[in-house]
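Please read these points with the model open beside you.

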Amino acid sequence: MSNTTSEKLQKVLARAGLGSRREMEAAIADGRVKVNGQVATLGDRVEARDKVSLDDRPVTLRAAEEVPRRVIMYNKPEGELCTRKDPEGRRTVFDRLPRLKGERWIAIGRLDINTSGLLLFTTDGELANRLMHPSTQVEREYAVRVMGEVKRENVVAMVDGVMLDDGPARFTDVQEFGGEGINTWFHVVLMEGRNREVRRLWESQGLTVSRLKRVRYGNIFLDKRAKAGEWVELSQTEVDDLAEVAGLETRKVPELTPDERNRWSRDKHKRRPVQTMQRSRKR
């Protein structure tokens with residue numbers, strides 16, 4: 001950060017890898033953030049010389065170009081929550097991710113507990129915010145299994161747009177992908193990430209989604225590198241492509257130190273894929 005240029009407090013906190021911008025806004029609203037010893041309020045701006053703390057722990061303020069930009073792809077199985085901690089002790093997506101020192105993984109979007117597939121996590125709060133913001137118009141593609149007879153007029157209505165409880169919604173594309181009867185699969189594309197939007201769009205046509213899996217986020221496709229419950233770090237080219245979509249300058253992905261490489265390897269191998277765990281329970 002420049003000593004003379006101020007920035008919004010939540011943006012600086014997100015950049016520090018403490019969470020998404022929305023999470024930092026909530027932390028400020030809850031009185032957990034202080035600037036120069038005083039409880040911060042929403043709308044506060046800070047400069048590099050300011051002393052900032054979260055939960056009374058000092059925060060190191062960094063310029064955008066100083067923030068390591070790492071991105072991992074995670075194949076979320078059904079039954080996991082997109083939250084850091086669950087009061088009921090249920091498994092969360094963060095339980096499986098590689099550990100970081102001095103940083104946190106920030107989820108780029110969310111999936112509900114019954115939805116599987118592609119989730120992206122990054123250490124760069126600004127990248128996460130840009131990719132999630134509605135103005136960026138990032139495509140999300142889902143594989144959907146639908147119960148019921150899908151008629152042409154249903155597809156036309158969902159592409160033209162329908163009114164949901166929280167406003168108008170539409171798919172930008174709907175393609176049949178095989179199967180028949182209750183096992184008919186479609187691929188659909190959305191330009192936003194509202195709560196249960198895919199399911200609600202189909203429900204507006206009197207149809208029920210029985211399986212839902214995200215297969216693409218922007219230009220990143222879920223592939224065989226990550227089985228259910230596993231993650232893989234994205235390449236420099238893939239991270240640069242995401243930065244371009246977000247309207248950010250590219251930045252070199254830092255190489256893992258020997259300690260990080262060993263720690264990440266241990267984390268990956270000690271967490272068995274969900275499918276393997278399910279098979280072992282049935283025996």
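1. Arg130 is partly exposed, with a relative accessible area of 29%. Buried here means under 20% relative accessible area, exposed over 50%, and partly exposed in between (1.4 Å probe, protein chains only). Its salt-bridge partner is Glu126, at 3.0 Å from N to O; a salt bridge is a side-chain nitrogen of Lys or Arg within 4 Å of a carboxyl oxygen of Asp or Glu. Glu126 counts as buried at 14% relative accessibility. Both residues belong to helix α3 (residues 125-132), and because they are four residues apart, about one helical turn separates them. Helices (H or I, at least four residues) and strands (E, at least two) are DSSP runs, numbered from the N terminus.

2. The model is predicted: local features need pLDDT of at least 70, side-chain atom pairs count only at pLDDT 80 or more, and totals for chains, interfaces and linings use all residues. Residues are numbered from 1 along each chain as its sequence is written, and side-chain values use heavy atoms, with hydrogens and water left out.

3. Glu260 is buried at 16% relative accessibility, and Arg70 is buried at 3%.

4. Lys34 and Asp56 form another salt bridge, with the closest N and O atoms 3.3 Å apart. This pair also links distant parts of the chain: Lys34 is in strand β2 (residues 33-35), while Asp56 is in the loop between β5 (52-54) and β6 (57-59), 22 residues apart. Lys34 is partly exposed at 29% relative accessible area, and Asp56 is exposed at 58%.

5. The structure holds 26 salt bridges. Asp166, Glu192, Arg194, Glu197 and Arg200 are linked in a network of them. The chain carries 54 positive and 45 negative side chains, and the centres of the two sets lie 6 Å apart. In that count Lys and Arg are positive and Asp and Glu negative, with His and the chain ends not counted; each charge is placed at NZ of Lys, CZ of Arg, CG of Asp or CD of Glu.

6. Helix α6 (residues 236-246) has Glu238, Val239, Asp240, Leu242, Ala243 and Ala246 as its buried residues. These pack against β7, β9 (116-122), α3 and β16 (220-221), a contact being heavy atoms within 4.5 Å. Just after α6, Gly247 takes a positive phi of about 75°.

7. Overall, the secondary structure comes to eight helices and 17 strands. The radius of gyration is 21 Å, close to the 19 Å that the globule rule gives for 283 residues, so the chain is as compact as a globular protein of that length. The radius is taken over C-alpha atoms, and the rule is 2.2 Å times the number of residues to the power 0.38. Along the principal axes, the C-alpha atoms fill a box of roughly 65 × 45 × 40 Å.

8. Of the 283 residues, 48% count as buried. Among contacts with a separation of 6 or more, 66% come from residues 24 or more positions apart. The accessible surface is about 15200 Å², with 47% belonging to carbon and sulfur atoms.

Definitions and conventions:
Accessible areas come from the Shrake-Rupley method with a 1.4 Å probe; for residues, only the protein chains shown count as cover.
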